Amino acid sequence: MKKIGILQFPGSNCDKDVFKAVIYCQNRSFQFKNTLSKFYKPEFLLSSERIEIKDYKAFIVPGGFSYGDYLRAGAMARFSVVMQDLIQAGKKGWPILGICNGFQILCEAGLLKGALLPNKQGRFLDRWSNLKLENKNNFWQSKAELKLPIAHGAGSYYIPDDQLKRLQDNNQIWFSYKENPNGSVNNIAGLMNKKGNIAGLMPHPERALVDWMGGTDGFSFFQKLFH
């Protein structure tokens, strides 16, 4: 049985939410008639451990404050043992999704271009945000417009102008904010690599699965994995 690896770092606080989101979205996708041959078991991957990437269908790097966000968000997590294998998995085409702090970690590791800087307001933001799909991704998402919650202190995406032009030319900008909450260049909320297998997103899809959460648009992010 293939698994979906969910990375855990000291300070991760959305890992269990993502774990439950994977189970919920699979059950809902198969209308509670899923079989073991189709089910991808979620599994926590500790930052200090090596992994066998062939055993996994995909990887998710969840949000939180890895290593307390010391130095800068994601900077220390990038040097964790598990990241050696995640970097290789990304280069070999495995689907990888980084959410919030996970997005920051993927940028620090060089799997995605650019950097996430402190919000222009100089404070933590916790609110809902409307997003627009700029370019489709074959692994993670399908809806053209979304409403998802954000919760970050360093979510302002930055990249130099010449590199931004390359992202645009290569259709690597995934999502943009309709109303820029944090000062991100070009309103960028989500990004992917050229192949599209590695993607990062500042908003939290795992916090928008059912009505009582405030919205259900996050379901589509995980649904694509199971088809």
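Glutamate 108 and arginine 72 meet in a salt bridge, with 2.7 Å between the closest N and O atoms; the term refers to a side-chain nitrogen of Lys or Arg within 4 Å of a carboxyl oxygen of Asp or Glu. Helices (H or I, at least four residues) and strands (E, at least two) are DSSP runs, numbered from the N terminus. The model is a predicted one, in which local features need pLDDT of at least 70 and side-chain atom pairs count only at pLDDT 80 or more, while totals for chains, interfaces and linings use all residues. Residues are numbered from 1 along each chain as its sequence is written, and side-chain values use heavy atoms, with hydrogens and water left out.

Glutamate 108 itself is partly exposed, its relative accessible area being 24%. Here buried means under 20% relative accessible area, exposed over 50%, and partly exposed in between (1.4 Å probe, protein chains only). Helix H3 (residues 101-108) is largely enclosed by the rest of the structure, because 7 of its 8 residues are buried. These are Asn101, Gly102, Phe103, Gln104, Ile105, Leu106 and Cys107. After H3 comes glycine 110, which has a positive phi near 80 degrees.

Leucine 71 is exposed, at 77% relative accessible area. Together with Tyr70 and Met76, Leu71 forms a nonpolar surface patch of about 380 Å² accessible area. Patches gather residues with over 30% relative accessible area and no salt bridge, joining like charges within 9 Å and nonpolar side chains (Val, Leu, Ile, Met, Phe, Trp, Tyr) within 5 Å. The areas follow the Shrake-Rupley method with a 1.4 Å probe; for residues, only the protein chains shown count as cover.

Across the whole structure, a search finds 8 salt bridges. One of them pairs the side chains of glutamate 43 and lysine 3 (3.3 Å, N to O). It too links distant parts of the chain, with glutamate 43 in strand S2 (residues 41-46) and lysine 3 in strand S1 (residues 3-8), 40 residues apart. Lysine 3 is buried at 17% relative accessibility, whereas glutamate 43 is partly exposed at 23%.

A further salt bridge connects lysine 178 with glutamate 145, at 3.0 Å between the closest N and O atoms. Lysine 178 sits in the loop between strands S9 (173-177) and S10 (188-192), and glutamate 145 in strand S7 (residues 145-152), 33 residues apart. Lysine 178 is partly exposed at 46% relative accessible area, and glutamate 145 is partly exposed at 49%.
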